Amino acid sequence: MMNGADRMEFSDVEVLDDGGLLLRCWVDGKIVSVPPLRLLPGTTVARAGDRGMLVPEREMARELGLI
């Protein structure tokens, strides 16, 4: 079971594109491509134009260069 230390929360995320298997998102001044199937509960963005919370595992956030 995942504890709170294994997840990251990023607020004020904007989804730029939702085509294909990835979401292109604007997160903390960076554009990243995120696989939506790997996002955790608490994520509130899903399609182009959405703004809200992105909740990935810590390791995925590291792979994306967000931490």
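Which residues does Val-34 touch, leaving aside those up to four places away in sequence? I'll start there. This is a predicted model. In it, Val-34 contacts Leu-21, Leu-22, Leu-23 and Cys-25, and also Leu-39, Leu-54, Met-60 and Leu-64.

Val-34 also turns up in the largest nonpolar core, which has 15 residues. Val-34 is among those with the most contacts inside that core, along with Phe-10, Cys-25, Val-27 and Leu-54. As for where the core residues come from, strand 1, residues 10-17, supplies at least two, and so does each of strand 2, strand 3 and helix 1. Strand 3 covers 30-34, and helix 1 covers 58-63.

Next, Leu-23, one of the residues that Val-34 touches. Leu-23 sits in strand 2, which spans residues 23-27. Leu-23 and Val-34 are eleven residues apart along the chain, and their C-alpha atoms are 5.0 Å apart. Is Leu-23 buried or exposed? Its relative accessible area is 3%, so Leu-23 is buried, the cut-off being under 20%.

Now a second residue of strand 2, Trp-26. Trp-26 has a relative accessibility of 37%, so it counts as partly exposed; that class lies between 20% and 50%. Together with Leu-16 and Ile-31, Trp-26 makes a nonpolar surface patch of about 270 Å².

Terms used. Residues are numbered from 1 along each chain as its sequence is written. This is a predicted model: local features need pLDDT of at least 70, side-chain atom pairs count only at pLDDT 80 or more; totals for chains, interfaces and linings use all residues. Side-chain values use heavy atoms; hydrogens and water are left out. Helices (H or I, at least four residues) and strands (E, at least two) are DSSP runs, numbered from the N terminus. Buried means under 20% relative accessible area, exposed over 50%, partly exposed in between (1.4 Å probe, protein chains only). Patches are made of residues with over 30% relative accessible area and no salt bridge: like charges are joined within 9 Å, nonpolar side chains (Val, Leu, Ile, Met, Phe, Trp, Tyr) within 5 Å. Accessible areas come from the Shrake-Rupley method with a 1.4 Å probe; for residues, only the protein chains shown count as cover. A salt bridge is a side-chain nitrogen of Lys or Arg within 4 Å of a carboxyl oxygen of Asp or Glu. A nonpolar core is a set of buried Ala, Val, Leu, Ile, Met, Phe, Trp, Tyr and Cys residues joined through side-chain atoms within 4.5 Å. Contact means heavy atoms within 4.5 Å.
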